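Biologist: Hey, can you walk me through this model? I'd like the overall picture and then a few details.

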Amino acid sequence: MKEDNRNLLLAIVMSVVVLLGWQFFYGVPQMEKQKQIAQQNQQTQTQSAPGASGSTPAPGQPAGSAAPGAAAAQAVGTREQALAASPRIRIDTPKISGSLSLTGARIDDVSLKAYRETVDPKSPNIILLSPAGGPNAYYSDFGWVAAPGSNVVLPNATTVWSADSQVLTPAKPVTLSWDNGQGLVFRRVISVDDNAMFTIRDEVENKGGNAVTLFPYGQVVRQGKPTTLGYYVLHEGLVGNLGEQGLQEYTYDKIDKEPALSAGTTGKAWKDAVGGFVGITDKYWAAAVIPDQQRKYEGRYSSVQTGTGHTYQADFLGESIAVAPGATVTSNARLFAGAKEVAAVDGYEKNLGIKRFELLIDWGWFYFITKPLFFVLDWIYKHIGNFGVAILIVTVLLKALFFPLANKSYASMAKMKALQPEMTAIRERYADDKMKQQQALMELYKTQKINPVAGCWPVLLQIPVFFALYKILFITIEMRHAPFFGWIHDLAAPDPTNLFNLFGLLPFTPPAFLHLGAWPIIMGITMFIQMKMNPEPPDPVQKMMFTWMPVFFTFLLGSFPAGLVIYWSWNNLLSVLQQGYIMRKNGVKIELFDNLKGMFGKKPAAAGGAPNPANSNKK
């Protein structure tokens, strides 16, 4: 089966290179990076911020109009000091806590109640938004931009608003107000739901004698480039769905290199969009501003040099609104600032009519597999309470779904095994003529009605499912810190044990490239057993590669999420049972024990006895 095994080997190797190869080069360094990010997140709660200078980029206002005045504040020290620098309204919902600043009416202090930095229940809560003037400033604000040439005074980043309440809850909105002293009275009603969606209704009352034209805007601003994981399968940075333009994703580095939008500002802008959102996303959480879904707007991503770093911004600028004397106009927008929980994000798209808001979660190219697979996992989890067990059950369901195809594949492999003596004789007979050898083999396959590549299908079909499950484990917050049994406390993280310190018995931490946990070893063993179920390839090189492939995969998956390794191990075990059943059903001998004996002693004789080449030549 030299050529057949070569085809199978080629299919496996190519698939691994395309879908998994990058992990071999980036996976281990990223494990260290994740640890550094967690440490940095904890440190930033007490560290002082470096000095920041300059201004954040203005929203995409019409040419010649004035910026909204969202100047970047000088760092004053710690996050706590920055929070204390302005009067505040407390925010309290079942999912988030924090405050909004009356100076600038910014939503700039949001912590996630349900999520912590590590699996330790005493570790700090995740901090999403932080005020300017402190470390890692990250905030959102809304307002108005004046028409070009207008000298109307508008609220800006230094404006101190009045409030009718000291707390914002789902049951109690807050109304902010400010009078510009020139006949315009600005009111902002901010409400929040039980999760993490703010609704902002801006009103402008014109008590003066002249009409004014204003443009509503909303923006998310992030000062400094955050530490990102850098995985190809995960987008971190600026994101949005801008009407008919569809999904737009820009990393921090990419937006830095875009053409100039204005002096000192690089970025990208889209005009006349209707529906959608713009924002900034991390792996598990995001902040996104959402314009009125029925009106046109200009969306923009931008980056501006501020001191030694950059300030990043995602904003929208709405259509012009004329405010006649004695009239009151309104503008509606929203801000999402929270965890990217699938049910919540999908619910907002459906109930609030936010166009393709689901794309805030990076489902990837295999969306049509990834998202349905997540829903199945989540449904099972809600009934049994353990995502790891849900993965095991889904694996069984997938095995049942593909059983007819696997049955045909394994049956074809069983027939191939039965023909092994004849195939060996053909190779011996035409050892010096590869073309005749192939022709004879193909004629044999045709006569016996065998598809020589049928054995590849179970492997090839497993790859998209494997990739989809990897994506789910990697990007969905529902999998974050989800425990299994024993030592697995986070299915989305690699197995924390390590063979090279005897699973914690030796008091030292091996280097990252030697990370090899218990579950990857279990996976390697099950893969080895599965491969030994089949006849040994006659070619010594192929035999060696098949023998060492489980070892390669064991180390390769050492840095993968534990949930994925558990899936692969369980899938291998089910495959062994399934293949054994089918082989017995077809009357084919299972080679497992003979192959294992052949590794450590005399190789058993082939079933039925292979024809003797010498006798064949005599004939």
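Modeller: The chain has 16 helices and 21 strands, where helices (H or I, at least four residues) and strands (E, at least two) are DSSP runs numbered from the N terminus. This is a predicted model, so local features need pLDDT of at least 70 and side-chain atom pairs count only at pLDDT 80 or more, while totals for chains, interfaces and linings use all residues. Residues are numbered from 1 along each chain as its sequence is written, and side-chain values use heavy atoms, with hydrogens and water left out.

Biologist: What share of the 619 residues is buried?

Modeller: Buried residues make up 53% of them. Buried means under 20% relative accessible area, with exposed over 50% and partly exposed in between (1.4 Å probe, protein chains only).

Biologist: OK, new topic. At what angle do α12 and α14 pack?

Modeller: About 25°, with the axes 8 Å apart. Helix α12 covers residues 518-532 and helix α14 covers 562-585. The axes are lines fitted to C-alpha atoms, for helices over the stretch in contact, and angles run from 0 to 180 degrees between N-to-C directions.

Biologist: So what do we call that arrangement of α12 and α14?

Modeller: Roughly parallel. Angles under 35 degrees get that label, over 145 is roughly antiparallel, 65 to 115 is roughly perpendicular and the rest are oblique.

Biologist: Which residues of α12 and α14 meet?

Modeller: On the α12 side they include Trp-519, Ile-522 and Met-523, and on the α14 side they include Val-565, Trp-568 and Leu-573. Contact means heavy atoms within 4.5 Å.

Biologist: How many residues of that contact are nonpolar, polar or charged?

Modeller: There are 11 nonpolar, 6 polar and no charged residues. Ala, Val, Leu, Ile, Met, Phe, Trp, Tyr, Cys and Pro count as nonpolar, Asp, Glu, Lys and Arg as charged, and the others, Gly among them, as polar.

Biologist: Let's switch to Ala-286. Where is it?

Modeller: Ala-286 is in strand β17, residues 285-290.

Biologist: Is Ala-286 buried or exposed, and why?

Modeller: Ala-286 counts as buried because its relative accessibility is 0%.

Biologist: What does Ala-286 touch?

Modeller: Leaving out residues up to four places away in sequence, Ala-286 touches Leu-128, Phe-336 and Leu-360, among others. Ala-286 and Leu-128 are 158 residues apart in sequence, and 7.9 Å apart in space, C-alpha to C-alpha.

Biologist: And where's Thr-169?

Modeller: Thr-169 is in the loop between β7 (167-168) and β8 (174-179). Beyond residues up to four places away in sequence, Thr-169 touches Asp-92 and Val-192.
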